[in-house]
Amino acid sequence: MPRERSVAYNEVNNENLSTIYDNVLAKVASADAIALDTEFTGFCARVVKHMDQRYESLAAVVRSHAILSVGLTTIANTSDGFLVDNFELLTTRSGTFQVDTKNLQFLAENGFNFTRHFMLGMGYEPGVPSAALESATTKEKSARGLFRDILRLIRSKRIPIVVHNGFLDLMYIYHSFITELPAQFKTFVADLLDVFPGGIYDTKYLTAQVLYEQRTFLAYLFCKFQRKSVDWSLTVQNALVLPQPSRKRKREPEKICRSYSNYGYCPNGRLCLDSHDLDRILDRDEKKLNTSSDSKADASASRLETEQVENIAKETSTLAAQDDHASYFDAYMTAYVFCHLTKALEPDAMKQEINRVYLMRLNVPLRLVESIYAKPSTAWLEVKKLFTVQENE
């Protein structure tokens with residue numbers, strides 16, 4: 001079976017957050033497992049074997065870099081097969097953050113739309129949550145508010161999390177949307193156990209150490225297992241049809257932007273205080289057709305505008321045709337591999353492999369187990385109080 005080059009998904013962004021918010025939570029609430037993947041601006045170039053040192057190096061990167069998007073795939077195991085819903089959450093870190101040019105180049109080469117990200121990404125501040133988020137009664141619709149409510153459902157329903165080589169993804173998600181990373185590695189392990197009581201599955205570890213697959217990169221496994229899925233089915237739910245958010249009409253500026261009216265481009269973009277209304281520009285220009293010079297200028301401007309529209313359309317078409325490296329598609333592939341594993345392994349065997357996370361350049365996984373020598377961090381325990389209040393209401 002040829003690989004699926006596209007899959008239905010729902011983008012969650014700053015414009016549709018209020019309308020899709022409850023739909024996302026409804027899908028999470030009915031899930032038997034949730035696959036996660038992230039796209040971020042930096043990773044640690046040098047990975048050491050000693051875990052305390054490795055964690056410190058990775059934590060420094062996570063604290064100074066940012067998540068660009070989160071792929072979330074809900075998995076429901078029904079009598080008719082697996083049902084999945086795919087979401088891509090566009091997120092933009094507030095303030096200053098660092099980027100690794102290799103990361104950005106990789107994403108750009110694979111069709112990541114940075115313009116859409118910065119225009120529509122949901123803003124967030126990493127680390128310790130703000131006072132508004134700490135309030136149990138807040139109705140704020142935000143990226144961190146959404147993750148808070150998703151985590152509340154994951155914890156109360158003990159829904160397992162699925163990742164693929166996901167240690168760094170977990171660190172980014174924790175620091176960006178839960179609370180600040182603890183200083184010590186052992187404390188972070190204790191936090192993960194408490195944050196995700198339903199456990200964590202890592203499909204990279206499962207395929208490498210349990211199925212003994214020789215090649216375990218995600219796209220390869222996805223293609224291989226697609227050819228084998230003859231005795232079970234996975235259905236991707238259609239993208240949700242959402243009502244369009246109402247927009248408040250802004251007072252139209254009196255002055256027409258000279259740059260935009262002449263070239264179809266304004267360096268100030270949406271921040272421009274002058275009008276970019278093409279109807280007004282056309283009305284004005286039609287009044288200038290009394291002289292031949294004005295007519296020539298209009299024709300030249302028209303040709304320029306046509307060329308710009310054609311170039312934009314061409315770029316959009318090119319991006320749409322690419323097999324994007326996107327967080328939602330990686331989350332979907334992770335979910336697919338996980339569903340295959342649940343059929344290839346006995347239930348008891350799967351349960352024995354929970355909370356074992358793949359570690360690069362090591363032959364043993366990270367085992368998430370309780371220890372008398374490590375307790376959850378104070379920062380997480382403060383956030384945890386919020387869930388306790390909500391569950392008691």
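1. Salt bridges, overall. The count in this predicted model comes to eight salt bridges. Side chains of opposite charge can pair when their charged atoms come close. Several of the pairs are taken one by one below.

2. Arg-116 and Glu-11. These two side chains meet in a salt bridge, with 2.9 Å from N to O. The pair links distant parts of the chain, 105 residues apart. Arg-116 sits in helix 4 (residues 114-120), and Glu-11 sits in strand 1 (residues 10-12). Glu-11 has 15%, so it counts as buried.

3. Asp-194 and Lys-384. Here too there is a salt bridge, and the closest N and O atoms are 3.0 Å apart. Asp-194 belongs to helix 8 (residues 185-195) and Lys-384 to helix 16 (residues 378-392), so the pair ties together parts that are 190 residues apart in sequence. Asp-194 is buried because its relative accessibility is 19%, and the cut-off for buried is under 20%. Lys-384 has a relative accessible area of 24%, so it is partly exposed.

4. Lys-224 and Glu-213. This salt bridge has its closest N and O atoms 2.6 Å apart. Lys-224 lies in helix 10 (residues 218-228). Glu-213 lies in the loop between helix 9 (203-210) and helix 10. The parts tied together are eleven residues apart in sequence. Lys-224 is partly exposed, at 26% relative accessible area. Glu-213 is buried, at 14%.

5. A salt-bridge network. Which residues are linked in a network of salt bridges? They are Arg-148, Asp-149 and Arg-152.

6. Strand 3 and its neighbours. Strand 3 covers residues 67-78. Ten of its twelve residues are buried, so the strand is largely enclosed by the rest of the structure. Strand 2 (residues 33-40) runs antiparallel to strand 3, and eight bridges join them. One place to look is Ala-35, whose bridge partner in strand 3 is Thr-73. Strand 4 (residues 81-93) also pairs with strand 3 in the antiparallel sense, over ten bridges. There, Ser-69 has Leu-90 of strand 4 as its bridge partner. Strands 3 and 4 form a hairpin, with two residues between them. While tracing the strands, recall a general point. In a regular strand the side chains alternate between the two faces of the sheet.

7. Positive phi angles. Most residues other than glycine have a negative phi. Which residues have a positive value here? Asn-165 is one of them, with phi near 55 degrees. Asn-165 lies in the loop between strand 6 (161-163) and helix 7 (167-177). Its relative accessibility is 25%, so it counts as partly exposed. Tyr-212 is another, with a phi of about 60 degrees although it is not a glycine. Tyr-212 is found in the loop between helix 9 and helix 10. With a relative accessible area of 60%, Tyr-212 is exposed.

8. Aromatic pairs. The count comes to 18 aromatic pairs. Take Tyr-9 and Tyr-328. Their ring centres are 3.6 Å apart and their planes are at 10 degrees, so the pair is stacked. Tyr-9 lies in the segment before strand 1 and Tyr-328 in helix 14 (residues 327-344), so the pair ties together parts that are 319 residues apart in sequence. Tyr-9 is partly exposed, at 29% relative accessible area. Tyr-328 is buried, at 11%.

9. An edge-to-face pair. The rings of Phe-222 and Tyr-332 have their centres 5.7 Å apart and their planes at 70 degrees, so this pair is edge-to-face. Phe-222 is in helix 10 and Tyr-332 in helix 14, so the pair ties together parts that are 110 residues apart in sequence. Both residues are buried.

10. The ring cluster. Which residues do ring pairs link into a cluster? They are Tyr-9, Phe-222, Tyr-328, Phe-329, Tyr-332 and Tyr-336.

11. Charges over rings. The charged end of Lys-141 sits over the ring of Tyr-21, 4.8 Å from its centre. Lys-204 lies over the face of Tyr-358, at 5.3 Å from the ring centre.

Notes. Residues numbered from 1 in each chain as written. Predicted model: local features only at pLDDT ≥ 70, side-chain atom pairs only at ≥ 80, totals over all residues. Heavy atoms only, no water. Buried < 20%, exposed > 50% of the residue type's maximum accessible area, 1.4 Å probe, protein only. Helix = DSSP H or I, 4+ residues; strand = E, 2+ residues; numbered from the N terminus. Pairing = 2+ DSSP bridges. Salt bridge = Lys/Arg side-chain N within 4 Å of Asp/Glu carboxyl O. Phe/Tyr/Trp six-rings, centres within 6.5 Å; stacked < 30°, edge-to-face > 60°. Lys NZ or Arg CZ within 6 Å of the ring centre and 35° of its normal.
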